[in-house]
Each structure stands twice: as structure tokens, then as C-alpha cells.
Amino acid sequence: MQKLIVQGGTRLRGKVTISGSKNSSLPILAATLLTKDECIIRQVPDLSDTNYMLQILRELGAEVERASGTMHIKAEKIVSDTPYDLVRKMRASICVMGPLTGRLRKAVVSMPGGCVIGDRPVDLHLKGLEYLGAKVQMDGGNIHIEATEPLKGTTMNLTGKFGSTVLGTDNVLMAAVLTKGTTIIEGAAAEPEVEDLANFLIKMGAKIEGAGTTRIVVEGVEELHGAEHTVIPDRIEAGTFLVAGAICGDGVMVRRVDPAHLKTTTDTLLACGYDIAISGDTVTVMPGSGDPKGFHFTTRPYPGFPTDMQAQFCALACTLQGQLSTARETIFPQRFMHVPELKRMGASIEMEGDTARITGVPQLSGAPVMASDLRASAALVLAALNAKGTTEVHRLYHIDRGYEHLDEKLATLGAVLQRAKE
Ligand SMILES: CC(=O)N[C@H]1[C@@H](OP(=O)(O)OP(=O)(O)OC[C@H]2O[C@@H](n3ccc(=O)[nH]c3=O)[C@H](O)[C@@H]2O)O[C@H](CO)[C@@H](O)[C@@H]1O
Ligand SMILES: C=C(OP(=O)(O)O)C(=O)O
């Protein structure tokens with residue numbers, strides 16, 4: 001196991017190139033199971049999550065070759081049962097369920113458990129596949145999906161108690177593309193990563209309209225063919241670097257981004273008093289003319305404030321001396337594992353149900369802290385950059401799930417930090 005040792009108090013400045021999106025790559029890699037032909041996927045970030053997904057594809061029978069960020073995948077002959085040992089390591093492995101059901105009419109996938117960000121059910125994924133005609137059974141911790149008849153298109157609503165489901169929409173979409181007739185998904189997730197998956201499926205020959213909105217229409221086709229695709233930039237990685245630039249930067253530019261995907265992040269930073277410059281595929285954050293102000297946000301499905309940016313903005317709020325900020329989490333109401341660790345660094349945070357009330361302190365102080373999940377870990381690193389003294393962030397593997405070379409990228413901006421063995 002590794003930890004990250006961060007020396008606080010340096011100013012960040014410069015340009016950082018953003019990697020391909022983790023949350024696009026995972027379903028897109030899974031979608032290559034839908035054809036016997038070779039698919040070429042570019043800009044896949046080198047992360048433990050994407051590596052697990054590639055291993056799952058291999059175990060299912062696909063040939064996978066990797067040349068840097070470009071994957072060549074040929075799933076000529078595949079099986080329907082996913083290996084438990086790999087699947088349990090990554091919740092997003094659930095997104096092989098849709099393509100296996102679409103192509104083989106059969107899938108066996110281990111039931112994912114909850115995780116530290118809260119309960120993570122898959123009832124809507126299963127409901128969607130059932131609407132298409134698949135039968136679902138649970139047995140021995142596994143989900144067995146089977147359709148004796150060809151799947152049939154239908155109209156469904158995939159909205160749950162907490163709103164739309166991203167991977168649930170992905171799964172249904174991947175099954176529906178090879179289904180007879182028309183499938184209409186109402187209450188679909190509108191996240192850019194769903195749209196990216198749909199764009200890849202369209203290149204494979206699928207007929208899809210409305211991806212990127214809450215109503216997706218799929219006209220089933222008999223088969224899909226190979227295609228090439230470049231994954232969209234990771235809006236959460238980009239947002240994390242912008243918040244780092246706000247916390248302790250004198251001009252930090254993120255390159256190879258889609259500024260439209262970053263709107264809630266840049267709007268929140270502007271409301272806070274930072275200057276933002278957008279040019280082509282770059283966004284730069286700079287200190288504003290006055291002292292930054294507190295801010296208030298509620299997480300919502302896209303285009304609302306992303307839950308995956310909540311922890312990083314909490315870290316920023318901790319550094320705004322004397323200013324009150326509030327962070328309300330409506331998607332994963334228990335996703336506040338970073339709060340006790342930020343408090344260990346001297347933060348002033350009160351929890352009221354699903355809302356963190358954060359009053360900025362004059363100075364955070366370095367401390368040993370524990371990473372608990374991906375974005376909570378990122379928040380701790382951001383707080384550490386601002387803190388007085390040294391912070392050790394333990395359990396670094398959480399960060400390696402979703403940030404490609406975070407430490408190296410921060411070091412190019414001037415951060416002083418190093419990995420070490422636990
Ligand atoms: C790999 C990936 O893309 N992960 C993202 C994806 O996760 P993921 O797709 O797993 O998250 P969902 O969009 O499904 O979850 C949204 C909400 O719906 C609930 N729900 C979900 C499915 C279901 O069957 N029933 C149900 O009730 C969840 O508990 C949660 O409250 O979207 C989340 C919400 O933007 C992000 O935080 C994750 O980074
Ligand atoms: C919660 C996240 O990922 P996952 O859904 O894979 O756990 C995330 O990317 O912040």
C-alpha cells in the first residue's frame with residue numbers, strides 16, 4: 001500500500017492536460033462486447049478501474065491489446081459469466097450486464113455491495129432489462145439474467161427515488177441497441193458520459209436519438225460492427241484541478257477539456273469570486289480581485305452540480321477564512337467521509353442531515369489522514385496543498401482508481417508531494 005506525503009503551502013501555476021474520462025471509459029470498454037469485430041478506443045486513462053475492466057473483458061473471452069492510452073479489443077467469442085474476484089473489486093463492472101444481455105441474452109454478474117459513499121442499489125438496471133423481456137433471478141450473491149425469447153423494445157421510465165441512474169441508463173442502452181423494435185427510456189441520465197457511450201454505439205451501427213437528454217430513443221438493429229472512438233475528457237479530473245487552482249493557485253489552466261461539461265464548476269468558482277478564462281478546449285482559474293466568498297450548492301444529476309465534485313468543493317470551503325459555505329448532497333446523502341478527516345486538519349464543519357455547513361478557518365494544518373473513497377481522497381489532497389506543514393494521505397489506492405498520475409500532474413504545477421510505502 002502507498003501513501004502520499006504532501007508539503008503544504010506552495011502556490012500552483014501552469015498547465016495540466018486532462019486525461020480521458022474514467023466514467024466514459026468503463027461503459028465504452030464494456031460496449032465492445034456487443035460486436036465480434038475489433039474496436040479501437042483512444043484516450044483510456046491508465047487507472048486501476050480501467051485495468052480491472054480490461055481484465056474482465058479478457059476473462060469473458062475478448063482479446064485486448066494496449067498501446068499507451070489506445071485499446072484494441074476484439075470480443076469474437078465471449079462467455080456470459082463474469083469472474084467474481086474481479087467484479088467485486090470495481091462496482092462499475094456491473095456495466096457488462098447490458099452488453100452481455102444484448103448479445104448473448106444471458107449474463108451472470110456478481111451483485112455489487114454498497115460502498116462507503118452509501119447504498120448503491122441496481123434495482124433500476126434490473127427493472128430496465130426486465131422491461132426488455134429478460135428474466136432476473138438472484139442466487140448465491142449473483143444476478144442471473146436470461147431471455148429465452150429475443151428482447152423486445154418498449155417504453156420505460158428509469159427514474160428512481162434519487163433521480164436518474166447513470167450506469168443503469170448505460171446498461172439498458174447497451175441491451176436495447178440489439179433489441180427488436182423501439183425502446184424509449186424516459187427519465188434517462190443526461191450525463192455527458194452517457195452521451196459519449198451513445199456516440200460510440202452509433203459508430204458501431206446503433207440507432208439512438210436523444211442521448212444527453214432525459215429521453216433516449218433506440219431503434220434496435222440486428223448486429224453491430226467494429227468502430228473507433230476517442231473518450232471525452234474527464235470533467236471531474238478537470239474540476240478537481242480547477243478547485244486546486246482556486247485553493248492555492250496563481251493561474252492554473254486545464255487543457256483538453258470540454259468547457260460546457262465544466263459549467264457548474266466554473267459557475268461556482270465565479271460566484272465565489274475567482275476569475276475564469278475559457279478559450280477553446282482550455283479553462284484557467286485565477287485569483288479574483290477581492291477575497292473569495294462562501295458558496296452554496298446542492299448536488300443534482302447533470303447538468304446540476306455533480307456529486308463527484310462535492311468533496312473537492314468542501315475542501316475549498318474549508319480554506320475561505322470566516323466565510324460560511326453549504327454543501328447539500330442529494331444523490332448519495334451519506335457521501336461525507338471526507339468531513340471527519342478534514343476536521344482532523346482543523347476544518348470547521350457541522351453536519352445537518354444531508355448538508356455540510358462549513359466555516360473557513362485561517363489555516364488548515366497538516367495531519368495524517370485516511371482516504372476513504374475516490375473523491376474524498378482528492379479533497380484531502382487539495383486541503384493538504386493549502387495546509388501548514390505536512391499531510392500524509394493514507395490508502396492512496398483510492399486515488400489511483402480514478403486520477404491518472406495525480407501526484408505527477410500536481411508536481412508539474414509546483415506542488416511538493418511524493419509517494420511512499422505505508
Ligand atoms: C462509473 C460511474 O459512472 N460512476 C458514476 C455513476 O455511478 P452510478 O451510475 O452507480 O450512480 P447512479 O447514477 O446509478 O446513482 C444515482 C442515484 O440513484 C440511486 N440508484 C441507482 C441505481 C439503481 O438501480 N437504483 C438507485 O436507486 C443511487 O443509489 C443514487 O442515489 O454516477 C454517479 C452519480 O452521478 C457518480 O457519482 C459516479 O461517479
Ligand atoms: C463514485 C465514483 O465512481 P464509482 O461509481 O466507480 O464508485 C466516482 O467516480 O466518483
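Leaving aside neighbours within four places in sequence, A190 is in contact with G212, T213, T214, P301 and Y302, where contact requires C-beta atoms, placed from the backbone, to lie within 7 Å. This is a predicted model, in which local features need pLDDT of at least 70, side-chain atom pairs count only at pLDDT 80 or more, and totals for chains, interfaces and linings use all residues. Residues are numbered from 1 along each chain as its sequence is written, while chains are lettered from A and ligands numbered from 1 in the order in which they are written.

**Surroundings of A190**
- A190 is located in the loop between β10 (182-186) and α7 (192-203); helices (H or I, at least four residues) and strands (E, at least two) are DSSP runs, numbered from the N terminus.
- A190 is buried because it has 21 C-beta neighbours inside 10 Å; the term buried applies at 20 or more other C-beta atoms within 10 Å, exposed at 12 or fewer, and partly exposed in between, with C-beta atoms placed from the backbone.
- The C-alpha atoms of A190 and P301 are 7.7 Å apart, although the two residues are separated by 111 residues along the chain.

**Annotated positions**
- The unreviewed UniProt entry assigns the feature "binding site" to R91, R120, P121, V122, D123, L124, D308 and I331; UniProt positions follow the numbering used here, feature names are shortened, and annotations may be inferred rather than shown by experiment.
- R120 belongs to the loop between β6 (106-110) and α5 (123-131).
- R120 has 14 other C-beta atoms within 10 Å and is therefore partly exposed.
- V122 lies in the loop joining β6 and α5 and counts as partly exposed, because its C-beta neighbours inside 10 Å number 19.
- Beyond residues up to four places away in sequence, V122 touches I94 and P112.

Notes
Two residues are in contact if their C-beta atoms, placed from the backbone, lie within 7 Å.
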